[in-house]
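Let's take a friendly look at how charged side chains pair up in a protein model. Have the sequence and the 3D view ready as you read.

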Amino acid sequence: MLNCREVTRLLSESQERTLGLSERMSLKVHVLICSGCRNFGKQMDALRQITRAYVKGANERHDKPDD
């Protein structure tokens with residue numbers, strides 16, 4: 001079973017690459033029983049959504065012609 005350090009590394013890596021089946025399964029099992037890693041995963045998801053919204057807003061502001 002994965003420890004918390006390995007899980008946080010995999011959660012971070014999952015933002016950059018597709019995890020293998022065994023990695024995904026081990027991650028899911030650990031996150032089911034570990035509230036700290038579950039919270040870390042939720043925080044990473046929230047940060048990703050916030051970052052995407054910020055970039056989208058910045059792009060929209062940049063694309064508008066100046067009046």
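This is a predicted model: local features need pLDDT of at least 70, side-chain atom pairs count only at pLDDT 80 or more; totals for chains, interfaces and linings use all residues.

Residues are numbered from 1 along each chain as its sequence is written, and side-chain values use heavy atoms, leaving out hydrogens and water.

**Salt bridges around Glu13**

- Glu13 and Arg9 form a salt bridge, 3.0 Å from N to O; the term means a side-chain nitrogen of Lys or Arg within 4 Å of a carboxyl oxygen of Asp or Glu.
- Both residues sit in helix H1 (residues 4–13), 4 residues apart, about one turn of the helix; helices here are DSSP runs of H or I with at least four residues, numbered from the N terminus.
- Glu13 also has a salt bridge with Arg17, with the closest N and O atoms 2.7 Å apart.
- Arg9 is partly exposed at 42%, and Arg17 is partly exposed at 35%.
- A network of salt bridges links Arg9, Glu13, Arg17 and Glu23.

**A pair in helix H3**

- Arg48 and Asp45 form a salt bridge, their closest N and O atoms being 3.0 Å apart.
- Helix H3 (residues 35–63) holds both Arg48 and Asp45, 3 residues apart, about one turn of the helix.
- Arg48 is partly exposed at 26%, and Asp45 is partly exposed at 32%.

**The overall count**

- The model has 4 salt bridges by this rule.

Notes
Helices (H or I, at least four residues) and strands (E, at least two) are DSSP runs, numbered from the N terminus. Buried means under 20% relative accessible area, exposed over 50%, partly exposed in between (1.4 Å probe, protein chains only).
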